[in-house]
Amino acid sequence: MGPAEVAGRIGTAARVHRWRTGHRVLGADTEAWLPDRRFTAVLPRDVPVPRAAVQRLLATAERLMDGHAEYFGIARSDLAAPDWSYDPKTGRRAPADAYAFDIPYRDEGAVGDIKQIWEPSRHQHLTVLAAAYALSRDDRYAHRVADHLKSWWAANPPLRGVHWISGIELGIRLLSWVWVRRLLDGWPGAPGLFEDDPVALQQIWHHQRWLAAFPSRGSSANNHVVAEAAGRLAAACAFPWFPESERWRVDALRLLDEELDRNTFPSGLNRELASEYHGLVLELGLAAAIEAEAAGVAVPASTWLVLQRMTDALAAVVDARGRPPRQGDADDGHGLVLDGQGTDRWGSLLSTGEVVFGRIDWWPGAGDGDVRTALLSALTGPRRPVAGRPPQRPGHFADAGLTILRAGRGEDEIWCRCDGGPHGFLSIAAHAHADALSVEVRYGGVDVFADPGTYCYHGEPEWRSYFRSTLGHNTLELDGRDQSVSGGPFLWTHHARSRVLVAHCGPAGAPRWVGEHSGYSRRGRSVVHRRSVELDAAERELRIVDDVVSGGTHGVRLAFHLGPEIQVELVERRAQLRWRREGSVCEAELELPQQLAWSAHRGETEPPLGWYSPSFGRKEPSVTLVGRGGPGETPGELRTRLRFGSSGRGPR
């Protein structure tokens, strides 16, 4: 941390101490000093929503009404009347009556798995129920929303318990409340639940006051600060009932504009180099900007420009099935949830982008429609496209060091992501993995060489380390060490420095990429790992060459993590890969570097190896192929060849 951040954190610590004894409340006579509390940010009547999207929404709403939901791999059946401080994963209950800043929320032994506790309190299940009410006018949904809000407000008074610790949680919760109130408009109980309820007013006011007082700063100003700004802006526009509302709105709009720019490369990719956080920030930014525009607030052109670039970048990097890379951390975080289970998150974002910014000819299809796009679109109109949008689908993002090599289309598309970018964002690179020069390879959207994912943050340090490790990615490990050095679950003390030497992904010539990193250079000793990747479209073949430039010898491990759908038969240095697609069996042939001794690993735990995390909190066994070379050997160039058949059914 630099001097300014240190000073800011000292000021925060002093404020935490003052707030312990100087807790403020709104005046009891809200009618006297908050006289104008009408909610005017309503939707137009009869917004058209795709039928399939409504059906998905109502099916999910019915499961919620029965008390069923799943958070991070843990099925819950107690959501009819939840205990807001209970963690079903560990069975522990966080203290609900302690001063928030005294609670060691990262200590699973003391409070349980904090993400299991926090997630239901983002109240995104309530936006789903409220959306179900808005589209069905079934009062059951509205009454359940009201019961949950009143229960939460009673159980979590300001500054007490774990739900007043993290700004991102308060920001997302505020955005949810704005949409709950909007979607319940027309229900007779809505005003009494919000603007006419002193408890609700206390909660809305305290959330905004907290966010203004305790912003994420410095080395922690990543996606969290965007969520905080988005929640503040949405609440100040939709609930402009307080003496501070105008100041909060102005500050939040400025902060959102600055932080969207700060968190985004000029190319449009998120600087954390974690695809799911790109999605989270884009969802938050779009929701907040549209909220402000609907309130008559002039949103800076620079805000819209960043959001447009982010949308175009997302459209550029997705594969044949509309999936972005599985890069960096992923915790299934969403900014605004108005849809049922089974909705394509990425297709939804592109659908919203198409309405707001207009599509470009090279954009992929955006899916079959969703509730969120329909409702957001009802609050805004199409914008004038900004000049300078890419006329062709970009494959290389130089500032982010991310390159997509492609051949073929649709179910026969070969898609390869090559990583030669910075090691995460800011000094701590909180959501980065030690994955320099790693590749992901998909065939028709099926993971062949897979990024294993994230699985967990707190509570299971061995698994957190594995899923962030160099061995946990499709790249080369030297001497049993990671390329970058971890200082904790969200901290890297040494960052591998990468650079891209060649990135050719245009229509002419073979798609080719070359990158290198010096992460293993320590104490004046230069060690460079260089990798080249070439995609031969005619032969439907991917060739990878790894080389280590060093004055000494090293023990090496080269890993290739296969997707969970891939079956493998390994014989010495040749592997036959098979997977099923629409009733047929697809095959590929993998030739591995002959200098290394190869072995297959699946679902091992001591130590972890051979795992794939499809979503946060879930992991499943998958095959990892590992080639080993001894420390006294000089392996030279390590050549790997992956060859697909002309239709994915076997090598030619």
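A residue counts as buried under 20% relative accessible area, as exposed over 50% and as partly exposed in between (1.4 Å probe, protein chains only). Helices (H or I, at least four residues) and strands (E, at least two) are DSSP runs, numbered from the N terminus. The model is predicted: local features need pLDDT of at least 70, side-chain atom pairs count only at pLDDT 80 or more, and totals for chains, interfaces and linings use all residues. Residues are numbered from 1 along each chain as its sequence is written, and side-chain values use heavy atoms, with hydrogens and water left out.

Strand 5 (residues 414-419) is largely enclosed by the rest of the structure, because six of its six residues are buried. In a regular strand, side chains alternate between the two faces of the sheet. Ile 414, Cys 416 and Cys 418 point one way from strand 5, while Trp 415, Arg 417 and Asp 419 point the other way. Two strands pair if DSSP finds at least two bridges between them. Strand 4 (residues 402-407) runs antiparallel to strand 5 and is joined to it by six bridges. Arg 406 has Trp 415 of strand 5 as its bridge partner.

Two helix pairs were examined. Axes are lines fitted to C-alpha atoms, for helices over the stretch in contact, and angles run from 0 to 180 degrees between N-to-C directions. Angles under 35 degrees count as roughly parallel, over 145 as roughly antiparallel, 65 to 115 as roughly perpendicular and the rest as oblique. The axes of helix 3 (residues 51-65) and helix 7 (residues 139-155) come within 11 Å and cross at roughly 50°. These helices are therefore oblique to each other. Helix 15 (residues 345-357) and helix 16 (residues 371-379) pack at about 25°, with axes 9 Å apart. Helix 15 and helix 16 are therefore roughly parallel.

Ala 100 lies in the loop between strand 2 (74-76) and helix 4 (108-111). At 0% relative accessibility, Ala 100 counts as buried. Its C-alpha atom is separated by 4.9 Å from that of Gly 161, 61 residues apart along the chain. Contact means heavy atoms within 4.5 Å. Leaving aside neighbours within four places in sequence, Ala 100 is in contact with Leu 159, Arg 160, Gly 161, Trp 164 and Ile 165.
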